[in-house]
Structure formats: structure tokens, C-alpha cells
Amino acid sequence: MTLNNFPYKDIIHRCFRCGYCKFPVNWTDVNNCPPYARFRMESYSCGGRLWLMRAWLSEQLEWSEHLAEILYACTTCKNCEIKCPLRFSGDIVNMVIASREAMVEKGTIPNKVKTFLENVELYGNPYGLSKSRRASYLYDSVERFKRHEYLLYIGCAGSYDDRAKKAVLALTIILKKGGISFGILAEDEVCDGNEVRSLGEQGLFEMVAQHNIEMFKKNGVKDIITFSPHAYHVFKNHYPAFGGNFKVYHYTHILYQLLKQEKIKLKDSSGLKITYHDPCFLGRWNREYEIPRKIIEKMPNAAIIEMEKNRDASLCCGGGSGNYYIDLLGGSPDSPARRRIREAYEVGANVLITACPKCLIMLNNAVKEEELEGHIAVRDLSEIVLDAC
Ligand code: SF4
Ligand code: SF4
């Protein structure tokens, strides 16, 4: 692919590098584009990246490993699309993904990205772990999907990552307490493909999407609860193009219904000073800001404190687009997750809650790196609700 057949060739030149895309909605600082916040170089900002891609696609700039890393450092958090004053704003992330497709086509992607994609192709997950171990910790406690009302789609992080597994377990206990009829596909599930798609491997994305859709249909799945907002996003917005039309819920939707219908009740939660971190794929991508907050509001006597960067202005944890595994942004006090932990601590919260396994992993590691263990805890919403049940 060159600039001539680049699908956005008529608009990529329009970015005039005003820099608005680096700000949160409330204009407080320039650190709301995670790679820019981490590296503080214009080339890592949204506008800088678009200019570099245009130069590379038009063969004015040679490929280098560093150029590829700049392209892949974008976490597809969508902050820039909210801020950019130009009419192409809805296509900024699409331009990043299309540029990555060009790199995939030429075989010039960073090695860490290559490993991620190869693992998904060979093992159905980015960790390169056995398919037979997928969500195996749940096999004794959760039924296999068999004409249940809901399929609970666990996802890769929830299946293999030790921190995320604890949150999934909490969720399954609450769903059972609430009388929800649900089952899992266990080793028949594969990666949802959201990150594969955003890394520019469209062929592999189609393969995993088709596998999941066939498996859902074969098992008679109609309604899906996802643990991860990334799975929620891709099932809801991208699977219909391949004939995958299912009713998709993020787990917070179901928890809120259970609370409203008083199928679960929450106990006194005094002492908790909670701040909520909006996951990008629940918030900016799918405009779901209020349900998680309404759930927290139902915790009697818990104090809720908003960070300045919330909802549309939320700061990405840095884990999107595979970076929870690839980690092109880590290793510095300026990493987005460490910035976010400091923000949560500075508003006086003793618990930072999120509702995404990638955020949970990134922020949990950041607490240790900031040496704030014992001062602030990172919990998934499912865990805090189970504690209060
Ligand atoms: S992407 Fe939009 S907001 Fe960002 S520098 Fe370019 S024109 Fe400005
Ligand atoms: S999507 Fe997020 S990480 Fe990517 S350029 Fe936009 S603001 Fe930066």
C-alpha cells in the first residue's frame, strides 16, 4: 500500500498539527494522548503520527523500527477524535489502523506486535498459552454453555491473567447469586479480535471473528455478556459485518439490572473512598459512562470522588491496542497507568475502580511501581460489588 491506494489519502493531509488532540475535554494539560504523555515528543502525538504516516506512505520517509514503534504506540483510546476540530475527526483511529495494515502488508511491524499476532493465530490468545487451559479455573464452578439465557464470554485476559481471573471469578459468583442463567464456551472460545483488528491484521481478525460467530451460532447463543469492554465493542460494532448479530451486554449492564430488581443487595460500604476510571472501550467508544457510576452509587455510605479526567476526558491506562501485552509505553513514571494512579491517589481515593481487565492489569502494576500499595487499591467493579453483597 502506498499513499495512492491508502483509503484515507484524500483526508490524511488535512491535519494541521494544532495539537488539540493531546488535551482532555477540560483543557487542563497536554497529557491525554497516552504516547505523547509518555514520550513528550510531537512525533508521538496524534497529529505528529499522522504526518509521519503520510510521509512514509508517500515514500518521503524510510521505514525504521522506531517509526513502526511510534505508529504502534497509539492505544486507540479515541481521545484525539473527541478533541480534533476537523471534520475527519471520526476517522483518526481508522487512519492509524489503515497505516498499520500497510505495515502488516509489508511485513515491517515491531517484533512484539508480531509475537502478539502469531500467538493469537497459533493459540487463540496473545499469551501463547495452551487452548486447553482457556478459563480452566472456572470449569468446576461454571457450567458449559448449553441453551442458557446468556453466554458469558471471558476473553483472553480473563482466561489467563492471574489478576483478571480474580475479577472474573467474582463476577461469576454475583451472576449466580442474582439467578442469571449463563454458561461459558471454555476452550471453544478464542480471542475476540478487537486488538488484532486495531493492530492492522485484518485477515487474522476476520478469521477469529468468523470462528467465534460460528461457535456462537452452533451453540445457539443469542445473548452475550462480556467481561471485557474490548470484546463488548468488537462484538457489538464489528461482528455484524460478518453476520454476527447478537444481543451484547457488558457485565456492568447486567449487574445494574440485578441491583435495580433487588436480586442482589449491597451492604454498608463506609470507609471506601472510590474513584472510577472509565475504560476507553466502554466510555469514549461506546458512550457508557453512567451505568458503572450508578452501580457504585448503590453502595451504601461509600464516598465517590471524581478525578478531573473523567468520562470523555478520561486518561487511557495505556493498555489499549494490545499494549497491556506489547507494552510500548511502560517503564517510566510518565507511563499513562502511573499517571492515572497518581491522579486517583491525589484526589483522596483509597480505591480505584475500573471495569476492564486491561485497565485492571495496567493500573494494578502501576500501584506497585508507584509504591502506593497499602494506600490505594485497584479493584474491578465486580470485586467491589461482591465484597458488598
Ligand atoms: S489530528 Fe486534529 S487535533 Fe490533532 S493536530 Fe491534527 S488537526 Fe489538530
Ligand atoms: S487514539 Fe489515543 S493514543 Fe491514539 S493518537 Fe488518539 S489520543 Fe493518542
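I began with contacts: two residues are in contact if their C-beta atoms, placed from the backbone, lie within 7 Å. Helices are DSSP runs of H or I with at least four residues, strands are runs of E with at least two, and both are numbered from the N terminus. I noted that this is a predicted model, in which local features need pLDDT of at least 70 and side-chain atom pairs count only at pLDDT 80 or more, while totals for chains, interfaces and linings use all residues. Residues are numbered from 1 along each chain as its sequence is written, and chains are lettered from A and ligands numbered from 1 in the order in which they are written.

Entry one, a pair of helices. I looked up where α8 and α16 touch, and found that R163, A164 and A167 in α8 meet P357, L360, I361 and N364 in α16.

Entry two, the sheet. I found an open sheet of 4 strands in the order β2-β1-β3-β4, with parallel pairing, where strands pair if DSSP finds at least two bridges between them. β2 (182-183) and β4 (247-250) each have a single partner strand, so one side of each is left without a neighbour in the sheet. Strand β3 (residues 223-226) pairs with β4 over 4 bridges, and I225 stands opposite Y249 in β4.

Entry three, the ligand. I listed 15 residues around ligand 1, of which C15, C18, C21, G47 and C84 come nearest; a residue counts as near if its C-beta atom, placed from the backbone, lies within 6 Å. The largest share of this shell, 3 residues, comes from α2.
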